[in-house]
Amino acid sequence: MPTLACCIDAAAFPPGYAIAGDSSLPAPEAFSGVPPATNTTSSVDHSHWSPSLSASLYKIDSWGAPYFSVNSSGNISVSPHGAETLPHQEIDLMKVVKKVSEPKFSGGLGLQFPLIVRFPDVLKNRLESLQSAFDSAILSQGYGSHYQGVYPVKCNQDRFVVEDIVEFGSPFRFGLEAGSKPELLLAMSCLCKGNPEAFLVCNGYKDAEYISLALIARKLHVDTVIVIEQEEELDLVIDISRKLGVRPMIGVRAKLRTKHSGHFGSTSGEKGKFGLTTMQILRVVRNLEQIYCELVRLGAGLKVIDIGGGLGIDYDGSQSSDSDISVGYGLKEYAKTVVQAVRYACDRKFVKHPIICSESGRAIVSHHSVLIFEAVSSSATSRPTMRSFGPGLQGLLEELTDDARVDYGNLTAAAIRGEYETCLLYADQLKQRCIQQFKEGSVSLEHLAAIDDLCEIVSRVIGVSESVRTYHVNLSLFTSIPDFWAIGQLFPIVPIHRLDQRPGVRGILSDLTCDSDGKVDKFIGGQSSLPLHELEGGEGKAHGGGGGGYYLGMFLGGAYQEALGGLHNLFGGPSVIRVSQSDGPHGFAVTRAVPGPSCGDVLRAMQHEPELMFEALKHRAEECGHVNEIARAELASGLARSFHNMPYLTTAASCATANNNFYYYCNEDKNNNSVAVGDDEQWTYCCA
């Protein structure tokens, strides 16, 4: 008898007896290239799995090179200096997570997830790699000038990111680009400590105040370029520069005719958002001739060509020019092509080679930042077994309609004949009939569940049913990965540990928000689910804190995600740490650690007043009859913790969280008591 027929026939066991399918049933294929999933109740054999297989499965060597790899312990390893990183300089990402998540009394930092880990050494290496690529292209092609880039601060305006770029880029005269007045102010301030020859490129639409700020920057000896986006901006520049007595440096943004595809194709072509048309550029030049005619007569010409942004990175490791999330070139090919094109155009017209400037933000900051988040539970999945149900299968069949009993008979007969396609047809018909009977009240919920299990057995044995679990992650998609929701941008998402073990299931990620869009169900490589490991600590649950949970990392997200993230459901930003390579015993040093915004912080951002809210709740507690002094103190302390803690989940096993100077530890004693430990034994809410 075929195995499927054995399975159907076995369903007729005595009432109340839950049975498994025949042991000879083939295990369903979990996913291509990976051994099938094992039962969660049995031990998992990892002898035929290795870190290198995980690296291949998740394409880490493709999108992660030369910064990310899998070490012999099965953890993600960070090479902070790229290809030049020595073996002893590699950083085990899981060791970083353990250090920052453990409570302070255990030697950790007590930070709560989600967590952004910044690697300034990676940032430095990206800058050096970009500069080196252009230097090599310029030298090999005999180009008559040099490369001098700027970083567009809109990609990531974090103070320490911008300050690092100014510091690391100082030897290369690397500058900044701003597109708004606040960005201009921060760029001016940071460049006061940078190379005096570094450019400050002022893009975006401008008013008199913006232009005045840019001209003041020139007075402060910052090499500022005001880029004309609209014709009327030129009149403002001329008028204000006369009043301030400042000679401006002006750039003109051309509206190129060539269009390109991809997410940002709308910014290209003649109808693009930015820049001037050919006729507008001619009018600007004629206007400038009235003032700078002597300079024109003396031969003043083009000094700098800014090729803008657009240097892509390979998010999926496919190195394909046909993919919206990949590129078919590297830094060296990009630089060579740019230098060659500019040199050719200038040589044809006997024009002196200009300084080449680019605004390559994404390529500089994407790699240096990793978002770490925790899977707190997963949805249970049906296995090819029959559930327990009261009257047994015979009792169920007696309750079904004649048509449903015929479907069951036909299903059994088709299974005996090995006609699997026909089995699927009758199984679906049987299920739909039972659903209708349930709606009419003639079939119980237990019987409906039994039929669901029977149909699941059929689908799994035939191989048309792929079990995909939902992993619930301690994250807000809208806050931390907004481009996935907004424009469908895909980022590599990978478990950062247990990569020496075979992933046994496939899963999608569901965030904490009360929104159906709050899920990640598309992954690099065109996959609709991600290979994942079974959660430890019990069925569908993960150990929490102290490095004992199940941690995933979102990589290459250092550009735009933090600036674009909002406060959907009032989930604030993640905790942030800065990790540098160190020659000490751990191989790394946490040079900065900042807890994520508390509940009070995010409430205040939406114009609420947490201190008044706290007082109102305390007063309401007194009105409700909680007059006992100890009870009032406990209630007030609990409320205070809620305002001070981050909005994200704290796991039960080790839920040490930190915000400011207050720490909350949950111990798992039999009475489920919680102990609050902080600088103030009796905390009074006040706003600093």
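**Close-up views of a predicted model**

**View 1. The loop that holds Cys 514.** Cys 514 lies in the loop between β15 (505–510) and β16 (519–520), where strands are DSSP runs (E, at least two residues) numbered from the N terminus, as are helices (H or I, at least four). This is a predicted model in which local features need pLDDT of at least 70 and side-chain atom pairs count only at pLDDT 80 or more, whereas totals for chains, interfaces and linings use all residues. Residues are numbered from 1 along each chain as its sequence is written, and side-chain values use heavy atoms, with hydrogens and water left out. The unreviewed UniProt entry annotates Cys 514 as "active site", and such annotations may be inferred rather than shown by experiment. Cys 514 counts as exposed because its relative accessibility is 71% (exposed is over 50%, buried under 20%, partly exposed in between; 1.4 Å probe, protein chains only).

**View 2. The surroundings of Phe 555 in the largest nonpolar core.** Phe 555, together with Ile 76, Tyr 151 and Ile 372, touches the most other members of this 116-residue core, a core being a set of buried Ala, Val, Leu, Ile, Met, Phe, Trp, Tyr and Cys residues joined through side-chain atoms within 4.5 Å. Helix α5 (residues 120–140) gives the largest share, eight residues. Beyond its neighbours within four places in sequence, Phe 555 has contacts (heavy atoms within 4.5 Å) that include Trp 63, Phe 68, Leu 93 and Phe 491.

**View 3. A second, separate core.** Among the 17 residues of this core are Ala 404, Leu 411, Val 443 and Ile 451.
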